[in-house]
Amino acid sequence: MAGWIMGFNGKYSIGILLTFILLTAAMLYSNPLITLITGMGKITADHFFLSRILLWGILIIVFLYNIFVEKGTFLLKEEKKYSAAFYSKAALILYFICILGGAILNTFMMFVIEEKVSTKLLNLIPIFRNNYFLIIFTCLTAAIVEEFLMRGYLQPRIEKIYNNPAIGIIISAVLFGILYSTYGTISQVLGPFFIGIVFAIFYKRYSNIKILMICHFMIDFIAMMIMNFMDIKHLSVF
């Protein structure tokens, strides 16, 4: 019995490491890789679209690892069913908690270190301007891929390895924050870390990944639509 548990813990550990390495590599090296393959020297809408396709590829790789190596269910936590009213209420409450918490964190950072808006984020804004297909595709990719991998895959496996729900919540949130460090600002780490904590607690309590996907999409879509019509420099609180 002990050997069986250790065997699964080992497979889970490798899967966690594989997932994080692939996501980190995508955040750091997707643009140079796409430039090398396609010859696109400048980041364009097509360039960014291909970088999102890479994220779907990572999700497929992790799914295949689960099927052929772990040989178990991808979502260790069985999805619970709720009413449509609960979906709406939960998504809205999560949204406002994340937005309010993120605004407080960013405001605090502005006063402490006078942090400016991410240069990487500023450089990406023009490619999204009035490109509603790219906005929606980007938000869907983030909502589905990141929630499947960070909450659905990583969190319960970390919990299983350490036999501690709190560790699963904290480590998955830390990894989620680290992924956004490529944007070059502390706020872009603290914001996702805070959202990661909120989402992880919700997933542990309610075992429903779809509500998190809906809320994740709402957060990204509303933020990108605001940036589409306004000057991001005036939105540094968010």
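Reader: What makes asparagine 164 a cap for the N-terminal end of α6?

Author: In this predicted model, a side-chain oxygen of asparagine 164 lies 2.9 Å from the backbone nitrogen of alanine 166. A polar contact needs N or O atoms within 3.5 Å, so this pair qualifies.

Reader: How do you know that the span of helix α6 agrees with its 15 residues?

Author: At 1.5 Å a residue, helix α6 (residues 165-179) should span 21 Å, and its end C-alpha atoms are 22 Å apart, which agrees.

Reader: Which backbone oxygens does the side chain of serine 172 lie by?

Author: One is that of glycine 168, at 2.8 Å, and another is that of isoleucine 169, 3.0 Å from a polar atom of the serine 172 side chain. Leaving aside neighbours within four places in sequence, serine 172 is in contact with Met150, Gln155, Ile158, Ile167 and Ala200.

Reader: Is threonine 141 buried or exposed, and why?

Author: Threonine 141, in helix α5 (residues 132-162), is buried, because its 1% relative accessibility is under the 20% cut-off. Beyond its neighbours within four places in sequence, threonine 141 is in contact with Arg52, Leu55, Trp56 and Glu146.

Reader: And why is leucine 64 called partly exposed?

Author: Its relative accessible area is 40%, between the cut-offs of 20% and 50%, so leucine 64 is partly exposed.

Definitions and conventions
Residues numbered from 1 in each chain as written. Predicted model: local features only at pLDDT ≥ 70, side-chain atom pairs only at ≥ 80, totals over all residues. Heavy atoms only, no water. Buried < 20%, exposed > 50% of the residue type's maximum accessible area, 1.4 Å probe, protein only. Helix = DSSP H or I, 4+ residues; strand = E, 2+ residues; numbered from the N terminus. Expected span 1.5 Å × (residues − 1). Polar contact = N/O pair within 3.5 Å; in protein donor to acceptor, adjacent residues only side chain to side chain. Contact = heavy atoms within 4.5 Å.
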